Amino acid sequence: MVVNGEVTAEVPAVKAKAVNSVGAGDSFCAALTLALLQGQSHEDALKVAASVGAAAVADEASQPKFESLASYS
């Protein structure tokens with residue numbers, strides 16, 4: 001994550017078997033936004049977002065049902 005030109009956090013990608021990438025970026029961005037609004041650190045928010053994005057691509061549905069954000073921590 002880069003804020004004001006400065007790297008504030010980096011996390012590795014979460015491995016997933018991709019079966020459908022529709023909505024994965026939207027899912028990642030939504031999870032990142034919600035985690036940051038909940039007051040999570042940049043690193044923790046990125047970890048959650050990466051997990052949600054991985055869950056999105058691993059689901060055949062274009063609009064998969066996700067668990068609560070806390071379950072991806």
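Student: How many salt bridges are there by the rule?
Tutor: The count comes to one salt bridge, meaning a side-chain nitrogen of Lys or Arg within 4 Å of a carboxyl oxygen of Asp or Glu. This is a predicted model, where local features need pLDDT of at least 70, side-chain atom pairs count only at pLDDT 80 or more, and totals for chains, interfaces and linings use all residues. Residues are numbered from 1 along each chain as its sequence is written, and side-chain values use heavy atoms, with hydrogens and water left out.

Student: Which residues form the salt bridge?
Tutor: E43 pairs with K47, and their closest N and O atoms are 3.5 Å apart. The two sit four residues apart in helix α2 (residues 42-57), so about one helical turn separates them. Helices here are DSSP runs of H or I with at least four residues, strands are runs of E with at least two, and both are numbered from the N terminus.

Student: New topic: where is N20?
Tutor: N20 is in the loop between β2 (6-7) and α1 (24-37), and N20 counts as buried at 14% relative accessibility.

Student: What does the side chain of N20 reach?
Tutor: The N20 side chain reaches the backbone oxygen of E60 at 2.8 Å. A polar atom of that N20 side chain also lies 3.0 Å from the backbone nitrogen of V22.

How values were computed. Buried < 20%, exposed > 50% of the residue type's maximum accessible area, 1.4 Å probe, protein only. Polar contact = N/O pair within 3.5 Å; in protein donor to acceptor, adjacent residues only side chain to side chain.
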